[in-house]
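Visitor: I would like to learn how to read a structure like this one. Please take me through a few features.

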There are 2 protein chains.
Amino acid sequence: MCELLGMSANVPTDICFSFSGLLERGGNTGPHKDGWGITFYEGKGCRTFKDSEPSCTSEIAKLVKAYPIKSCSVISHIRQGNRGRVCLENTHPFTRELWGREITYAHNGQLSNYQDLKPEFYKPVGNTDSELAFCWILDEIRKKYPKKPSDMKPVFRFAAKLAKQLQAKGVFNMLLSDGIYVLAVCSNNLHWITRKAPFGEARLIDADLIVDFKKETTPDDIVTVIATRPLTDNESWHKMEAGEFVLFKLGVPV
Amino acid sequence: MCELLGMSANVPTDICFSFSGLLERGGNTGPHKDGWGITFYEGKGCRTFKDSEPSCTSEIAKLVKAYPIKSCSVISHIRQGNRGRVCLENTHPFTRELWGREITYAHNGQLSNYQDLKPEFYKPVGNTDSELAFCWILDEIRKKYPKKPSDMKPVFRFAAKLAKQLQAKGVFNMLLSDGIYVLAVCSNNLHWITRKAPFGEARLIDADLIVDFKKETTPDDIVTVIATRPLTDNESWHKMEAGEFVLFKLGVPV
């Protein structure tokens, strides 16, 4: 399968610590060696780094790990391919423009009988079940909301409903963001943690790395990290229930 | 204004040499310090590196310069902003999906009275004249070709016609690619050069760098580089005429 990583924060925050843990699972402590990607929002814009190389050896992953890009909304993914071969166009996250906003998505799981998803507006570039499902979700949103609504919360709740329909076809854990909101939908495996004052130390499971967030933050910072499996072993992560979704904005559930 | 750089090749080729020259113009030998970007196609997929930092000091640009990503179709751009502030969403190249293909675009120039361009299908994320023009071009292509035609040449010729309409609104030099074709449209300033056997040495204008392409290539390689201004001073570049366009595939005009 794959692993997901997301972040929602109230101040631009780098994700180097969490990303360092995730990268190890891409061919070292985990089997997810079929590519990786990460999308950072900065204002209305976003940028994606991706590679079909294993994340634990990728030169570009090394840069992202070492260079602290600060963002309030991040979506990342490491892939262990099942549907669709290992290549750049099958590498998550996927981004499409809707109403002049960049919408970014990553999926963990596997669908069956997904051939009846026939999006008209958005078409997949690669041949994964994941990208097809993303195009279908965007198509359905676009049909229901031809113009951008002023309040985006109902749009994300609708997206969570669509995800539920997809869960009838298989395992469908999803992260979805417009740069302001980050939606986490759990099919069978998704965890999250909110870090805020008083900050403490965190120790990665997958790499020999401890960070003292007291030294890295201000007392007003609120940062939520979402991951398939907890990334640290000395903190308490919320385990999401099957079928549950949580919508985050500026680091907190809304 | 800005500067454009494009490449079309018959074998995956890195663009490190040309990109090294272009980067210097982003705040060092040239004034184009308002961000930069580069898109590499690999198969049907593509990846973009971009930054609103000046290219001559950007950490990410350093990576791209040092890490030889090989591609048959590349579009790059360094920005000196006129319309739209300096930020990530205003940074070229821009990419949108059409018929399940990634279409990438960069523009050099400046338009007036462009507010009457009202694309319905694709909407700009940022507020540049350039991205609005791109959305309009894609909208017009989509209206004329609701499905992907088997031959893409007429589509690019149609895009060149649309570019000509935009030239009535100001300066509009453009690079446009679907990963297989690279279209170069000249409004007032665009040059290209095709390198093939027998290969020789090339000397950058903007950096103290000479490359001997004999050592870097095989006899069958054909590589065309397109740039706003010639990047080397010991080779003969084709200067394009105002209003002219050239469509490249696998390194050669078609």
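Guide: B:Leu250 sits in the loop between β14 (245-249) and β15 (252-253) of chain B. Helices (H or I, at least four residues) and strands (E, at least two) are DSSP runs, numbered from the N terminus. The model is predicted: local features need pLDDT of at least 70 and side-chain atom pairs count only at pLDDT 80 or more, while totals for chains, interfaces and linings use all residues. Residues are numbered from 1 along each chain as its sequence is written, chains are lettered from A and ligands numbered from 1 in the order in which they are written, and side-chain values use heavy atoms, with hydrogens and water left out.

Visitor: What is the phi of B:Leu250 near?

Guide: Phi of B:Leu250 is near 55°, a positive value in a residue other than glycine. B:Trp99 also has a positive phi, of about 55°, although it is not a glycine. B:Trp99 is in the loop between β5 and β6 (101-111) of chain B.

Visitor: Does B:Trp99 count as buried or exposed?

Guide: Buried means under 20% relative accessible area, exposed over 50%, and partly exposed in between (1.4 Å probe, protein chains only). B:Trp99, at 14% relative accessibility, counts as buried. B:Leu250, at 44%, counts as partly exposed.

Visitor: Which residues are buried in helix α2 (residues 59-66) of chain B?

Guide: An α-helix has 3.6 residues a turn, so residues three or four places apart point the same way. In α2 of chain B, the buried residues are B:Ile60, B:Ala61, B:Leu63 and B:Val64. Down the axis of α2(B), these fall within an arc of 155°, so they line one face of the helix. The arc is that of the directions from the helix axis to the C-beta atoms. The buried residues of α2(B) pack against β3 (45-51) and α2 (59-66) of chain A, together with α1 (16-24), β2 (36-42) and β3 (45-51) of chain B. As for α1(B), nine of its nine residues are buried.

Visitor: At what angle do helix α3 (residues 129-144) and helix α4 (residues 153-167) of chain A pack?

Guide: Axes are lines fitted to C-alpha atoms, for helices over the stretch in contact, and angles run from 0 to 180 degrees between N-to-C directions. Angles under 35 degrees count as roughly parallel, over 145 as roughly antiparallel, 65 to 115 as roughly perpendicular and the rest as oblique. Helices α3 and α4 of chain A pack at about 135°, with their axes 10 Å apart. That makes α3(A) oblique to α4(A). Contact means heavy atoms within 4.5 Å. On the α3(A) side, the contact is made by A:Ala133, A:Trp136, A:Ile137, A:Glu140, A:Ile141 and A:Lys144. On the α4(A) side are A:Val155, A:Phe158, A:Ala159, A:Leu162, A:Gln165 and A:Leu166.

Visitor: How does α1(A) pack with α2(A)?

Guide: Helix α1 (residues 16-24) of chain A and α2(A) pack at an angle of about 150°, with their axes 8 Å apart. That makes α1(A) roughly antiparallel to α2(A).
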